[in-house]
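Colleague: I'm new to reading protein models. Could you walk me through one, feature by feature?

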Amino acid sequence: MKKLLGLTILSFSLIGCTQHLGNFTGASTTLYDGKNITEKYLVKKNAGGESSCHIIVFVPTCVTPKADEAVSKALMDGAGEFMQNVRVYSTHWYIPYIYGRFAIRVEGDVYKTRQAEL
């Protein structure tokens, strides 16, 4: 009985969660000219970036992950200036008094603008 209770408590403490926060038609952390975005300038499909914070024992390493940081990392991953078909996710998990992690993940198609190629 003690083993079953211990396994139940352990399994509940190791549970993580992922939430889909939303979809965006476009995203960027810099200025861009929207009329220059065409399929011809698609650099990478499904590029991803993530901003995360860690919890060590019970002390967080930052206040909250930042969506703009995740977008910047996705743009660097794809070497572009603009993202379309953007999906935003939030994930977190925590093992009490040991370690935990919470993050914002951004995925989408990365484009370069015509102006950037001149």
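This is a predicted model: local features need pLDDT of at least 70, side-chain atom pairs count only at pLDDT 80 or more; totals for chains, interfaces and linings use all residues.

Colleague: What order do the elements run in from the N terminus?

Modeller: Starting at the N terminus, you go α-β-β-β-α-β-β-α. That gives three helices and five strands.

Colleague: And how much of the protein is buried?

Modeller: Of the 118 residues, 30% are buried. For that label, a residue needs under 20% relative accessible area.

Colleague: How do I read a pair of strands, say β4 and β5?

Modeller: A general idea to start with: in a regular strand the side chains alternate between the two faces of the sheet. Here, β4 covers residues 82-95 and β5 covers residues 99-111. The two strands pair in the antiparallel sense, over 12 bridges.

Colleague: Where does Val-59 lie, and is Val-59 buried or partly exposed?

Modeller: Val-59 lies in strand β3, which spans residues 59-60. With a relative accessible area of 46%, Val-59 counts as partly exposed.

Colleague: Now, how many disulfides does the structure hold?

Modeller: The general idea is that a disulfide is a covalent bond between the sulfur atoms of two cysteines. This structure holds one, and Cys-53 and Cys-62 form it, with their sulfur atoms 1.5 Å apart. The angle about the S-S bond is -110°, and the link is left-handed.

Colleague: Last one: how do I read an aromatic pair?

Modeller: In general, you describe two aromatic rings by the distance of their centres and the angle of their planes. The structure holds one such pair. The rings of Trp-93 and Tyr-99 have centres 5.5 Å apart, and their planes are at 55°, so the pair is tilted.

Colleague: Are those two residues buried or partly exposed?

Modeller: Trp-93 is partly exposed, with 33% relative accessible area. Tyr-99 is partly exposed too, at 27%.

Technical notes:
Residues are numbered from 1 along each chain as its sequence is written. Side-chain values use heavy atoms; hydrogens and water are left out. Helices (H or I, at least four residues) and strands (E, at least two) are DSSP runs, numbered from the N terminus. Buried means under 20% relative accessible area, exposed over 50%, partly exposed in between (1.4 Å probe, protein chains only). A disulfide is a pair of cysteine sulfur atoms within 2.5 Å. Rings of Phe, Tyr and Trp (its six-membered ring) pair if their centres lie within 6.5 Å; planes under 30 degrees apart count as stacked, over 60 as edge-to-face and the rest as tilted. Two strands pair if DSSP finds at least two bridges between them.
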